[in-house]
Amino acid sequence: GLDDPALKALLLGNVGSLTPENALKWDATEPAGGRFSLEAMDRLLAFSARHRLALRGHTLVWHQQLPAWLDGLPAPQLRAALERHVRTLVGYGRGRIQSWDVINEPIDPEGQGLRRSLWLDTLGPAYIADALRWARQADPAARLLINDYGLEGDDPQTARKRVAMLQLVDDLKRRGVPLDGIGLQAHLLAPAEGSPTFRTLPVFLAELRRRGLQVEITELDVSDRLLPADTAQRDRRVADTYDAFLKAVLQEPALRRITSWGLSDRDSWLNTTFPRPDGLPQRPLPYDEALRPKPARSSIAERLQSITPPR
Ligand code: G3I
């Protein structure tokens, strides 16, 4: 993306912070045990320094995009591999990566406690506290986050995931584990009917603040897969969903940053993972596939201007 001049211009005109979608994940950074491949990280660090952008680290401990060499390692070796991975990446970015998604998606999708994964199954729940402690030691200044999805809506499954997240947070805090905040991915879905609502979200954010935590929105986008084909209608309803969401989060004093998962519809992950039933490409981001601004871009700009003076 950074090599494409048009996209680069769009990026520099719109954002103050960068998150790589894939370049810092385990399969990319440590393809063989102990053999780190940090050229992409070097490029990102240089680019963000040159353009005075903050850089976010995504992500250290996840159940996806893991290299095959981790499979089947006995617990002591897996724990040692985790420690080496966390210390190496966070240490390498020390003073240069502002916040890290240390733990990604640890909550069970149905909200029944922690998610089953290589990490939980082999190391037990201690992998979370261990990774956070190693990250803190490797860069005491970096903001350390637990990042997850499905925490934004008003449905019962979201309510269960929030309870599980707060239980995890309380348990970590009680034991003095370093944790600075929670990342809400915010992969949103424009509703098929009616207006988008985020009635319960401000309450959840206040619960996090009361626990001394900061909040980042880390992967914001709005899927239009439930909406009819008409482009203007889709763009309007996606923009309305951005508007309602931002209205719900921008009033929260613990909010530190909002990151969208891409800028242009051309590059969205949604088309491979959640294709529309009619096969049309989704339009989830602020700019269309030709990098032209959409109604979503105006909704976002208006909401942001309501809290900050325009640049
Ligand atoms: O790099 C290879 C390329 O060499 C190969 O030719 C091509 C063919 O499939 O695949 C390329 O890798 C793909 C990679 O994106 C880069 O485009 C992977 O197959 C594909 O699985 C990967 O998808 C990423 C996905 O995470 C993996 O789960 C998406 O780009 C990325 O946006 C997405 O991001 C996640 C966050 O990390 C966590 N939260 C959810 C979010 C959306 O799934």
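Residues are classed here as nonpolar (Ala, Val, Leu, Ile, Met, Phe, Trp, Tyr, Cys and Pro), charged (Asp, Glu, Lys and Arg) or polar (the others, Gly among them). The structure is a predicted model, in which local features need pLDDT of at least 70 and side-chain atom pairs count only at pLDDT 80 or more, whereas totals for chains, interfaces and linings use all residues. Residues are numbered from 1 along each chain as its sequence is written, and side-chain values use heavy atoms, with hydrogens and water left out.

The ligand is surrounded by 14 residues, each having a heavy atom within 4 Å of the molecule, and the closest of them are E21, K25, H58, Q64 and E219. By class, this shell comprises three nonpolar, seven polar and four charged residues. Taken alone, the ligand exposes 790 Å², of which the protein buries 46%, with accessible areas computed by the Shrake-Rupley method using a 1.4 Å probe.

H58, one of the closest residues to the ligand, is joined to T59 by a cis peptide bond with omega of about 0°. T59 belongs to strand β2 (residues 54-61), strands being DSSP runs of E with at least two residues and helices runs of H or I with at least four. A186, in the loop between β5 (181-184) and β6 (187-189), has a positive phi near 60° although this residue is not glycine. Most residues other than glycine have a negative phi, and most peptide bonds are trans.

Helices α7 (residues 156-174) and α8 (residues 201-210) pack at an angle of about 5°, with their axes 11 Å apart, and α7 is therefore roughly parallel to α8 (angles under 35 degrees). The axes are lines fitted to C-alpha atoms over the stretch in contact, and angles run from 0 to 180 degrees between N-to-C directions. R162, M165 and L166 of α7 meet L201, F204, E207 and L208 of α8, contact meaning heavy atoms within 4.5 Å.

Key:
Parallel < 35°, antiparallel > 145°, perpendicular 65-115°, else oblique.
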